[in-house]
Amino acid sequence: MAIHLTKESKVLVQGMTGGEGMKHTRRMLAAGTDVVGGVNPRKAGRSVAFDERAVPVFGSVAEGMDATGADVTVVFVPPAFARAAVTEAADAGIALAVVITEGIPVHDSVAFLAHARRRGTRVIGPNCPGLITPGQSNAGIIPADIAKPGRIGLVSKSGTLTYQLMYELRDTGFSTCVGIGGDPVVGTTHIDCLAAFQDDPDTDLIVLIGEIGGDAEERAAAYIRDHVTKPVVGYIAGFTAPEGRTMGHAGAIVSGSSGTARAKQEALEAAGVRVGHTPTETAQQVLAVLNDGR
């Protein structure tokens, strides 16, 4: 089954005719994604050739949905236009919006996430790599050639660490990998993905990747303790980060003892999560759990 994205998903790309949109649409198509259209009001009525497939361009998300039955949109528009793009998608009734764009002002993200929630649209991101269900569909920028289908579910704040864990466990495989983004405000949380993986019969083990700053991992630990029966293995980036300084993502800032990697590790371990100190050690923990049959 996987979560949020399957071979049945029909994908629009907002910003498909731009440089990044073109590049990653080509990669999504190569991964087997059913990209049914792009959205650009200034180029509506045209089509874009990707190898042997011509993808139509629509003037709006609503038009694209009406013509194709699309239920997913991937957003590659510049930061200044992201709020309008996601708002448009939510108003059209799209089920899932994957917002790749980084550098979106936080007040814009707060506004479009609240609007999407009211409209019933799930948002992944912003500032995320997207999600992939290997062998079925890929919505975003995650490389499709570093993992095969399997029974591990992965949820991560960090795009780079998503790729690294996928590569480390490439011979074992994944049900779905979700990069939720590292901004201070995101549409889909660790807890949302934990709940979905817990309910997914094709997921046997969950990998949770967090990083310093905020309390998302501590809240995820409480949720795991109370609601998750499947084994969870975790990794927290930032054990050597200095306090009081933003590191990498905008949300990665430590204040005093709050938000430190050590505090997050302790919270997760108290909930029964095995926590690795490096990505490689984390992958080894995953294999140990799977081999133990736990």
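1. Ser158 has a relative accessibility of 10%, and because buried means under 20% relative accessible area, Ser158 counts as buried in this predicted model. Ser158 sits in the loop between strand 10 (149–156) and helix 5 (159–168), and its side chain reaches the backbone nitrogen of Thr160 at 3.4 Å.

2. An open sheet of seven strands, with mixed pairing, has the order 9-8-11-10-12-13-14. Strand 9 (137–140) and strand 14 (274–276) stand at the edges with a single partner strand each, so one side of each is left without a neighbour in the sheet. On average, and with direction ignored, neighbouring strands of this sheet are turned by 15 degrees against each other.

3. At the strand 9 edge, strand 8 (residues 130–133) and strand 9 run antiparallel and are joined by four bridges, and Ile132 stands opposite Asn138 in strand 9. Helix 8 (residues 261–270) also packs on the sheet, where it touches strand 12, strand 13 and strand 14, running at about 175 degrees to strand 13.

4. As for the record, an unreviewed UniProt entry carries the annotation "domain: CoA-binding" for residues 4–104. Over residues 4–104 the chain of the model is 34% helix and 29% strand, and the end C-alpha atoms of this stretch are 24 Å apart.

Notes
Residues are numbered from 1 along each chain as its sequence is written. This is a predicted model: local features need pLDDT of at least 70, side-chain atom pairs count only at pLDDT 80 or more; totals for chains, interfaces and linings use all residues. Side-chain values use heavy atoms; hydrogens and water are left out. Helices (H or I, at least four residues) and strands (E, at least two) are DSSP runs, numbered from the N terminus. Buried means under 20% relative accessible area, exposed over 50%, partly exposed in between (1.4 Å probe, protein chains only). A polar contact is a pair of N or O atoms within 3.5 Å; within protein, one must be able to donate a hydrogen and the other to accept it, and residues adjacent in sequence count only if both atoms are side-chain atoms. UniProt positions are given in the numbering used here, feature names are shortened, and annotations may be inferred rather than shown by experiment. Two strands pair if DSSP finds at least two bridges between them. Axes are lines fitted to C-alpha atoms, for helices over the stretch in contact, and angles run from 0 to 180 degrees between N-to-C directions. Contact means heavy atoms within 4.5 Å.
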